[in-house]
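Work through these exercises with the sequence and the 3D view open. Try each task before you read its solution.

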Amino acid sequence: MQTKIENVLNIKHISVVFDGFKALTDVDIQVKRNTIHFFIGPNGAGKTTLLDIICAKTKPTSGTVHFYPQNGSDLRLTGMKEYKIVNEGIGRKFQVPSVFVELTVIENMMLSLKGHKGVWNSIFYKLSKEEEKQIMTVLEKVGLEGRRDVPAGSLAHGEKQWLEIAMQLVQKPEIIMLDEPAAGMGKPETFRTGELLQEIKKDCTVIVVEHDMEFVKQIADTVTVLHEGKVLMEGDITDVLADQTVQAVYLGRGGERNAEH
Ligand SMILES: Nc1ncnc2c1ncn2[C@@H]1O[C@H](COP(=O)(O)OP(=O)(O)OP(=O)(O)O)[C@@H](O)[C@H]1O
C-alpha cells in the first residue's frame, strides 16, 4: 500500500518488439508522485516509445503499466483506450506544436477544456464564470494572461510551448508527459520552463524526455537513462552525471546539447 501512495506509475517488465527489433526490453520504472522524472538517453534509446506505452499509443509485447491516481484506485493502463487514459488524468504534450495558430490563446484553452465538443462548439460556447476563472488561473501560472486575446500563431516559440503546457494543465491532469519541451528554446526560456515545471509538480507529476542536460540539472528529481531499449541506470542527476557507463554511451558522445563535462 505504501508503494501505491508514493508511486503514481509502475512500469513493469515492459518489452516492445517492432518487426523483430527490440525497442524496449524488460523495462521497470517507478515514478514517484509530485516529482519531475526525466527519461534521457541517446537517439533511438526508446524514450518516446516508453511515453507511447504509458499513454497506450503503442501496445507492449509484454509487461504492464499501472497508474495509482489520488483517489486510491489502481488502474491498469495497458489495454486501456488512449482517450480513456487522458480522461483518467494523464496528459501528453508532443514535440511538434499542436496549437491552432489562427485561434487566440484563450480560444485554444477553451478548446482544450471542452475538447470532445469539437472546434466550433467550443468557440461559440459561452464560458461560465467558473470556467473562465479556471482558464485564467492556468494562463497566469504560465505567464500568458496578458496574451489571452492574441492569435496563438503570433506567440514566440517559448510562449507557444507554454500555451501547450497550459492546455494540458487546464484539464487538471495527475501526470503530464512532455517530449523535449525545451527544444528550440534559448537559455532564458529554458530556465523559465524549468521554473514553471517546478511550480506544476506541486499539483501534478511531470515526466519529461529531454536531451538538454542543463535543463535536466536544473529541475530533475529522478533521471532514468535508457540505452538500446534498456534501463542503463536510474538515480539523481549527480549520480547520473558521475556514472562512467552513462558518460561512455551518452554524455561523452555529445548526444546531448548542453552538458558540461
Ligand atoms: N512504429 C515503429 N516501428 C518500427 N520501429 C520503431 C517504431 N517506433 C520506434 N521504432 C524504433 O525503436 C527505436 C526507439 O525509438 P524511440 O523513438 O523510442 O527512441 P528515442 O529514444 O525517443 O529517440 P530520439 O531521442 O531520437 O527521439 C528506434 O530505433 C526506432 O527506429
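**Exercise 1.** Which element gives the most to the shell around the ligand, and with how many residues?

*Solution.* Keep in mind that this is a predicted model.
Step 1: List the residues around the ligand. They are Phe18, Phe21, Ala23, Gly41, Asn43, Gly44, Ala45, Gly46, Lys47, Thr48 and Thr49.
Step 2: Find the elements that give two or more residues to this shell. These are strand S2 (21–32) and H2.
Step 3: Pick the top contributor. H2 gives the most, with three residues.
Step 4: Sort the shell by type. Four residues are nonpolar, six are polar and one is charged.

**Exercise 2.** Find out how many residues of helix H2 (residues 47–54) are buried, and name them.

*Solution.* 
Step 1: Apply the cut-off. A buried residue has 20 or more other C-beta atoms within 10 Å of its own.
Step 2: Count. Seven of the eight residues of H2 are buried, and the helix is mostly covered.
Step 3: Name them. The buried residues are Lys47, Thr49, Leu50, Leu51, Asp52, Ile53 and Ile54.
Step 4: Look past the helix. Ala56 follows H2 and has a positive phi, near 65°.

**Exercise 3.** Trace the strand pairing around S7 (residues 175–179).

*Solution.* 
Step 1: Pair S7 with strand S6 (residues 90–93). The two run parallel, joined by four bridges. Lys93 has Leu178 of S7 as its bridge partner.
Step 2: Pair S7 with strand S8 (residues 205–209). Five bridges join these parallel strands. Leu178 has Val208 in S8 as its bridge partner.
Step 3: Follow the chain from S7 to S8. The path goes through helix H8 (residues 187–200), and this β-α-β crossover is right-handed.
Step 4: Four of the five residues of S7 are buried, so the strand is largely enclosed by the rest of the structure.

How values were computed: Residues numbered from 1 in each chain as written. Predicted model: local features only at pLDDT ≥ 70, side-chain atom pairs only at ≥ 80, totals over all residues. Buried ≥ 20, exposed ≤ 12 C-beta atoms within 10 Å, placed from the backbone. Pairing = 2+ DSSP bridges. Right-handed = clockwise from strand over helix to strand, strands pointing away. Near = placed C-beta within 6 Å. Nonpolar A, V, L, I, M, F, W, Y, C, P; charged D, E, K, R; others polar.
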